[in-house]
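Dear colleague,

Please find below the structure I am handing over to you, together with its sequence. My findings follow directly after it.

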Amino acid sequence: MTRLTLDDLLDQLEQARQIAIDDRKPSAMIQATATMAKLTGLDKPVVKDVHADDIQTISDLMNELANDEQLLTQRISHAKDEY
């Protein structure tokens, strides 16, 4: 018996999500997506240190946070370590 990995679980959830899409079951699709977000830690808010002098507007802050490519990689790595 082999242990499931995070990648295995995410693959299975993606398969379930695709079935839900094909069967036109939006609530099942949303549930699969939400579960994937929980497993990867994307359902939690992210706190990032920024310097107030570097940010001119809320839009600038949102753009800086959205363009942080390392953020998703760090979340996935953290989720793999946790599970």
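T40 lies in helix α2. Please bear in mind that this is a predicted model. With a relative accessible area of 7%, T40 is buried, because the cut-off for a buried residue is under 20%. Its side chain comes to 3.0 Å from the backbone oxygen of M36.

The backbone of R24 deserves attention: its phi is positive, at about 55 degrees, although R24 is not a glycine. As a general rule, most residues other than glycine have a negative phi. R24 is also exposed, as its relative accessible area is 75%.

Turning to charged side chains, the structure contains two salt bridges. In general, side chains of opposite charge can pair when their charged atoms come close. One of the two bridges joins R17 and E14, with an N to O distance of 3.0 Å. These residues are three positions apart in helix α1, so about one helical turn separates R17 from E14. E14 is partly exposed, with a relative accessible area of 26%.

A further salt bridge links K44 to D43, and here the closest N and O atoms are 3.7 Å apart. Both partners are partly exposed: the relative accessible area is 47% for K44 and 40% for D43.

As for the chain as a whole, how many helices and strands does the secondary structure comprise? There are four helices and zero strands, and along the sequence they give the pattern α-α-α-α. The chain has 83 residues, of which 14% are buried. It exposes about 6,900 Å², and 54% of that area comes from carbon and sulfur atoms. Among contacts with a separation of 6 or more, 53% are between residues 24 or more positions apart.

Yours sincerely

Key:
Residues are numbered from 1 along each chain as its sequence is written. This is a predicted model: local features need pLDDT of at least 70, side-chain atom pairs count only at pLDDT 80 or more; totals for chains, interfaces and linings use all residues. Side-chain values use heavy atoms; hydrogens and water are left out. Buried means under 20% relative accessible area, exposed over 50%, partly exposed in between (1.4 Å probe, protein chains only). Helices (H or I, at least four residues) and strands (E, at least two) are DSSP runs, numbered from the N terminus. A polar contact is a pair of N or O atoms within 3.5 Å; within protein, one must be able to donate a hydrogen and the other to accept it, and residues adjacent in sequence count only if both atoms are side-chain atoms. Contact means heavy atoms within 4.5 Å. Accessible areas come from the Shrake-Rupley method with a 1.4 Å probe; for residues, only the protein chains shown count as cover. A salt bridge is a side-chain nitrogen of Lys or Arg within 4 Å of a carboxyl oxygen of Asp or Glu.
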